[in-house]
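Reader: Could you go through this one with me? I have a few quick things to ask.
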Amino acid sequence: MTSTEGYKPESGLAAEIEVEAYHRLFPLQYYERHLAESVRPDSRALGRARDTTIALGPVTSADGSALVKIGDTTVLAAIKLEVMTPSIDSPDVGSVAVDFQMPPICSPVVRPGRPAEVAPVIAKQLSDVIMSSGMINLQELSLISGKAAWMAYLDIYCLNADGSLFDAALLSATAAFSHLQIPLVSLSDDGKLITVSEELKDKAAVEPVNKENRKLTIAVAPFSLTCIVHGKYILADPTSEEESVMDTHVTVVLDSKERLVSLYKAGGAVLLHTSVVKDCIVLAKQRMEELSEILRESLSAMEVD
Amino acid sequence: MFEMVELITSSTLHIRNNVRADGRTLNQLRPLTCSRNLLNRAHGSARWSQGDTTVLAAVFGPKAGTKKGENPEKASIEVIWKPKTGQIGRREKEYEMILRQTLQSICLLTVHPNTTTSIIVQVIGDDGALLSCAINASCVALVDAGIPLKHLAVSICCGLTVGGHVILDPTVLEEQKLKAVLHLVFPNPPLSIHHKTQSLLKDEPIEHGIITSVMRGVMSVPDYEHCLDRGRIACTKISEFVRRNLQSSAREGLAKAT
């Protein structure tokens, strides 16, 4: 095996060393050689995202659920609704509690005693985006003003972490809310709200409280795209390996009305100039159109069943 | 002649003739104060305040060893955020991550490999624009500790009102009524006689590049670009303030030593 210490891997050595060894020893140069040909190691174009699939309703015990795969990144979202008393200063709104967890199954760096640092940050960012984008009208989660409202517990589990976790999590949350079926409730004799199961709904002695309002209206749906900026290249939808090699990540969240819900860039070796910001937003716009089409198709497939 | 009773509705920001509730114009910042070397046990410390928002930052480091999982060929930065009241939750973890990634990009990590530098941020007062205040305080604390940096960083908080105006450095009351709040961090590059263009794009100067951008709320893309422009202009002013402040305290330190 030829010695590689202190050797700049330009011409000669690249011919002698195996591709896989070059990949492990000089990951940044390996990527840069691909970028110079405007391609990535998985033969994607620089601006193209990985294949995305959405499966609605995999968790039958939850009121709404979705399983999203972006390439190898797999994320499962489930919503459970519980009746609670709303607070005094906002008596006719429900609330949403978002939790994002990365169990050890998702990545070798996550161990039971060493939780992922990025999990609570993604949970908070998801919560902010869901609330500020106006995706859900919290008043629709109200049952009886001042007395009862729905509390939606949105739990998102990452099953396989291979880059673009926030994108997959946001898409799964949007899909789960679109799939959500609010259970029927009726007032029992002692003044409590009880859920009426589907089979008994016609035989129930008491009239259900929320017969008309079974699905949430998703006014605007936010979609996100994470890009990596390296030198003058912009890579859309990075894998976890690309994310670890190149450290400047930009996440753009656009809603279906093309408003900017979030542009998140924290540190990184590359400074972002206005032209790069504009290019990232253009890529995010294309991705938003792709994703809203995929979501629409899976929702209509659900309705056919 | 009847009195004009001004009705301040609870959901809108009261801006008349481009003057805000506390008398500032749209682009006016609150008074900035910065002091260094306050704590004698810490290697570096700084206190930065913008109006009533005050943050104290302390730097300890470089200490030997890196945490498990960190690259030992580079120095690593660790941030601990202490809120004024309450338990540490997701918000504090998010601030820690943003601050850590921002400061990592301005430090020269290869000068002291296999070391850890800890930055502890203590919130003393929160009246809006907290993250920007913390970033400014941390940067001055790093300078006070003598940690090698590529360049300095300055941060500004912008907000977009419901009426479409861009305001700078909002207070807590203003933040609650804004459509969107945006924290931006720009570099404060060294002034030199040689005009070396270090940025890749020859027509855009280095101080226009964004180090960090964190947004909450919704705004249109042109509004975002508008905020960037206003933010850059404000940051040049803050950069001058930081330089003046650091140079004068450096001169004082030299006078005391001799």
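Reader: B:Arg20, buried or exposed?
Author: B:Arg20 counts as buried because its relative accessibility is 4%, where buried means under 20% relative accessible area with a 1.4 Å probe and protein chains only. This is a predicted model, in which local features need pLDDT of at least 70, side-chain atom pairs count only at pLDDT 80 or more, and totals for chains, interfaces and linings use all residues. Residues are numbered from 1 along each chain as its sequence is written, chains are lettered from A in the order in which they are written, and side-chain values use heavy atoms, with hydrogens and water left out.

Reader: And what does its side chain reach?
Author: The side chain of B:Arg20 comes to 3.0 Å from the backbone oxygen of B:Leu26.

Reader: Switching to the interface, how many residues does each chain put into the contact?
Author: Chain A gives 36 residues and chain B gives 35, contact meaning heavy atoms within 4.5 Å. Of the area that chain A buries against chain B, 20% is supplied by A:Leu260, A:Leu271 and A:His273, more than any other three residues; buried area is the accessible area (1.4 Å probe) that two parts lose on being put together, summed over both.

Reader: How many salt bridges across it, and which residues?
Author: The rule finds one across the interface of chain A and chain B, and B:Glu94 forms a salt bridge with A:Lys124, with the closest N and O atoms 2.7 Å apart. The rule asks for a side-chain nitrogen of Lys or Arg within 4 Å of a carboxyl oxygen of Asp or Glu.

Note on methods: Buried means under 20% relative accessible area, exposed over 50%, partly exposed in between (1.4 Å probe, protein chains only). A polar contact is a pair of N or O atoms within 3.5 Å; within protein, one must be able to donate a hydrogen and the other to accept it, and residues adjacent in sequence count only if both atoms are side-chain atoms.
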